[in-house]
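I opened the model today to check a few local features. My entries follow in the order I looked things up.

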Amino acid sequence: MLDDQWRELDQEEAPPVDMLAAFFEARGWAVDHVGEDEISVEIKGNWTSYQLRAIWRDEDHVLQILLLPELCVPDEKKVAIYETLGLINEQLWLGHFDLWSNNNVLLFRHATMLGSSGMLGLDQAQAIVDMAIEEWERFYPVFQFALWSDKSPRDAIEHAMIDTQGEA
């Protein structure tokens, strides 16, 4: 049945919230319809669980993806986290990490303009969602070092971004 859902999705474009809801359901993620133009799902990553929110702005034809782990920044670490955000964001091609000022929550944000049709295809939906998850998975250890150690943001990146070679 899952293969049938994928084939059906792959053959057409759909309004972004509808396409993402079908995509999430095909992956087995429970979809919460927050509003007419917003959905949310919980995703289990390698480091933590994330809340993914998809928000459609019809007037601009923009789909915004927000990916939030349960990772709050204590006030005394804000300066270090802002420096860490700057160092990380300059390495990204798409999207960016951000700190919401009203509740000190770290998140990844990406907006996609879908053009006048306002339609989203399966390939594009999958690429956007996978990219957001991959970026968090890649940089989560950096934020952990920056938040919970005495390392500088540069040291946090250096220590957390070690590329392993071969297999253990």
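For the neighbour search I took contact to mean heavy atoms within 4.5 Å. The model is a predicted one.

**Serine 40.** I looked up its neighbours, leaving out residues up to four places away in sequence. Serine 40 touches Ala30, Val31, Asp32 and Val34, and also Gln51, Leu52 and Arg53. I then placed serine 40 in strand β3, residues 38–44. Is serine 40 buried or exposed? Its relative accessible area is 5%, and buried means under 20%, so serine 40 counts as buried. I also checked its side chain for a polar partner. There is a polar contact with the side chain of glutamine 51, at 3.1 Å.

Next I looked at the pairing. Histidine 96 stands opposite arginine 109 of β7. The hairpin has 4 residues between the strands. In this hairpin, asparagine 104 takes a positive phi near 60°.

**Helix α4.** I compared the span of α4, residues 122–148, with expectation. At 1.5 Å a residue, its 27 residues should span 39 Å. The end C-alpha atoms are 38 Å apart, which agrees. Where does α4 bend? The bend is at phenylalanine 139, by about 40°. Proline 141 follows within four residues.

How values were computed
Residues numbered from 1 in each chain as written. Predicted model: local features only at pLDDT ≥ 70, side-chain atom pairs only at ≥ 80, totals over all residues. Heavy atoms only, no water. Helix = DSSP H or I, 4+ residues; strand = E, 2+ residues; numbered from the N terminus. Buried < 20%, exposed > 50% of the residue type's maximum accessible area, 1.4 Å probe, protein only. Polar contact = N/O pair within 3.5 Å; in protein donor to acceptor, adjacent residues only side chain to side chain. Pairing = 2+ DSSP bridges. Expected span 1.5 Å × (residues − 1). Bend = angle between axes of the 7 residues up to and from the residue.
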